[in-house]
Each structure stands twice: as structure tokens, then as C-alpha cells.
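Here's a quick briefing on a ligand and the protein around it. Have a look at the model first.

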Amino acid sequence: MTRTVYVNGDYLPEGEAKVSVFDRGFLMADGVYEVTSVLGGRLIDFDGHAARLDRSLTELGMTMPMAAEDLRGIHRELVARNGVEDGMVYLQITRGAPADRDFAYPPQDTPQTVVLFTQNKPGLADSPAARTGIRVISIDDRRWGRRDIKTVQLLYPSMGKMMAKAAGADDAWMVEDGHVTEGTSNNAYIVAGGTIVTRDLGDHILSGITRAAVLRFAREAQMKVEERAFTIAEAQAADEAFITSASTFVMPVVAIDGAPIGDGTPGPVARRLREIYFEESRKAAS
Ligand code: PLP
């Protein structure tokens with residue numbers, strides 16, 4: 001089946017979809033994106049993703065191209081047309097395609113480029129990695145200073161994933177001024193003495209939609225949560241570690257820079273949070 005994608009108002013076979021070579025997303029990484037997971041054909045936490053999209057756009061002097069409800073409708077239409085049971089919907093909005101390349105922003109009335117496509121991932125919620133846990137390495141955080149905006153400039157995170165691969169690991173946690181910021185495409189957590197610790201929000205990390213949900217569920221389950229900086233040494237000495245993101249949900253981390261975390265297997269807090277996350281987010285899916 002040929003995948004149907006959405007470009008600026010049209011649903012098209014992926015081979016027919018086109019974006020200008022002058023698009024500022026292509027030339028300047030001048031755009032933002034969201035990834036919403038799909039489980040059982042329904043969108044997980046769409047409202048959270050729409051709210052963060054609005055914020056990312058506002059921070060860059062752009063606006064929502066349409067009402068959030070209309071965006072939800074396009075998400076649903078693509079999920080239906082492509083028969084996605086489990087997978088994700090990728091959405092990207094750029095500052096559009098002015099007539100020429102120029103560092104200055106184009107006039108405010110330049111039409112934005114709005115692209116959406118689906119990725120089919122059968123069995124997404126039952127990934128084997130969740131049973132074994134993943135291994136991470138630590139790398140310097142060399143990204144720009146506005147990581148709270150979900151921009152499409154993902155070169156350093158891509159480099160980080162390649163560094164992890166080269167080291168025989170699955171992913172990388174980034175470290176700035178001696179403290180972990182986040183994973184290349186996920187938020188990072190440790191569990192020590194029964195307390196869940198994750199980096200506090202600010203412009204140094206992305207405010208994960210999964211992070212917000214997981215912390216809310218953890219607090220509702222009377223688990224202790226601290227939002228603060230931690231070091232790699234503290235993480236290596238912790239009882240457990242895990243990551244969260246829209247595509248991995250809650251994923252246990254079993255080694256950091258080759259040092260096993262706890263007994264080197266997924267810990268009970270991460271496993272429980274993963275269960276609660278699926279239970280609650282499936283209930284609220286749209
Ligand atoms: N941090 C970074 C740098 C990310 O790229 C992502 C997701 O892509 C996350 C955190 C997790 O965010 P979410 O839970 O909204 O997927």
C-alpha cells in the first residue's frame with residue numbers, strides 16, 4: 001500500500017508530495033515538529049502535543065496554521081487512510097518557502113509549510129527492548145541553547161545516536177556542566193532510594209509530553225519525584241534508570257557507559273510506570 005501523506009491541504013501518495021527547495025525548513029532548519037504515537041488506531045496525548053506545538057511556534061514568532069481540532073482531524077484522517085494500528089504521526093511546520101534564501105525572516109504572510117506523515121510500527125507497545133532494557137553512553141551536550149523549542153535541527157542528536165552505535169550502545173545521555181540534560185530524543189530519569197529523579201524544566205531540555213504524563217501518574221501513585229540535575233556518577237550508582245518519549249513510552253536503561261544499573265535488568269519502578277502509562281494513556285486516547 002502506498003503511504004498517503006499530507007502537504008499544505010492535500011492528501012497525496014508519498015511519491016507525489018513536494019516541498020520547495022527554498023523551504024526554510026530545508027535551508028535553515030527553520031521549523032518545528034511533533035511526534036504523536038498511535039496505539040490501537042488512536043492518538044496518544046494529542047492535546048499535549050498540540051499545546052507544545054503552539055508554544056514552539058510562538059517562541060519562533062510563528063502561529064498555529066489552523067485550530068488544534070483541525071490538526072487532530074488531519075492526524076486521524078492519515079491514521080485511517082494508512083491503516084495505522086500502532087505507530088506514529090509526524091507533523092512538521094516550517095516558516096515556508098520565500099522566493100530566495102535570506103537569513104532574515106520572510107514577510108509574516110508567507111504561507112507556512114505543513115507536512116504530516118505516518119509511520120507504521122506494528123507491536124510498538126510490545127518492543128523487545130522494553131523487556132531487556134537499553135544501554136546508553138554519556139556524551140557532551142553540544143546543542144544550541146533553546147532545547148525547549150522542538151525544532152527540526154536534529155544533527156547533534158543524530159551524531160549522538162551514531163556515537164552510541166559506534167560504542168555498542170543504544171542511545172546517548174547528554175551532559176552539560178557535569179549534569180545530565182536528557183537523552184538524544186528522550187527525557188532521562190534515575191530512581192534512587194525510592195525517589196524518581198529527572199532534570200528540572202527550562203531552556204536546557206525539551207518539556208516531554210510523555211515526561212509530564214509519567215510524572216503525573218507517578219505522583220498519583222504516591223511515588224516520590226524530584227525534578228533536579230543529577231550526574232552520570234549518581235546515575236551509575238542509582239537503583240534504576242529509564243527514559244521516556246512518545247515513541248519509546250517508558251523504556252528501562254540497564255547500563256550507562258558500560259556500568260550496570262542496579263542488577264543490570266529493568267527495574268520495578270520503570271516496569272510499573274510503563275504499565276501505568278499504557279493503561280492511562282490508552283484510556284484517554286483520541
Ligand atoms: N527530549 C528530546 C530532546 C526529544 O527529542 C524528545 C522527543 O523527541 C523528548 C525529550 C521526549 O518528548 P516527548 O515525550 O514529547 O516525545
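Which pocket is the space taken by the ligand? That space is the largest pocket (on a 1 Å grid over the protein atoms alone, an open set of points with protein on both sides within 12 Å along at least five of seven lines). Keep in mind that this is a predicted model, where local features need pLDDT of at least 70, side-chain atom pairs count only at pLDDT 80 or more, and totals for chains, interfaces and linings use all residues. Residues are numbered from 1 along each chain as its sequence is written, and side-chain values use heavy atoms, leaving out hydrogens and water.

**Who's around the ligand**

**Polar contacts (N or O pairs within 3.5 Å)**
- The side chain of R52 has an N or O atom 2.8 Å from a ligand oxygen.
- For E182, a side-chain N or O atom is 2.7 Å from a ligand nitrogen.
- T210 has a side-chain N or O atom 2.6 Å from a ligand oxygen.

Notes. Polar contact = N/O pair within 3.5 Å; in protein donor to acceptor, adjacent residues only side chain to side chain. 1 Å grid on protein atoms, 1.4 Å probe; cavity = no way out; pocket = protein on both sides within 12 Å on 5 of 7 lines; lining within 4 Å. Sits in = over half its atoms within 2 Å of the grid points.
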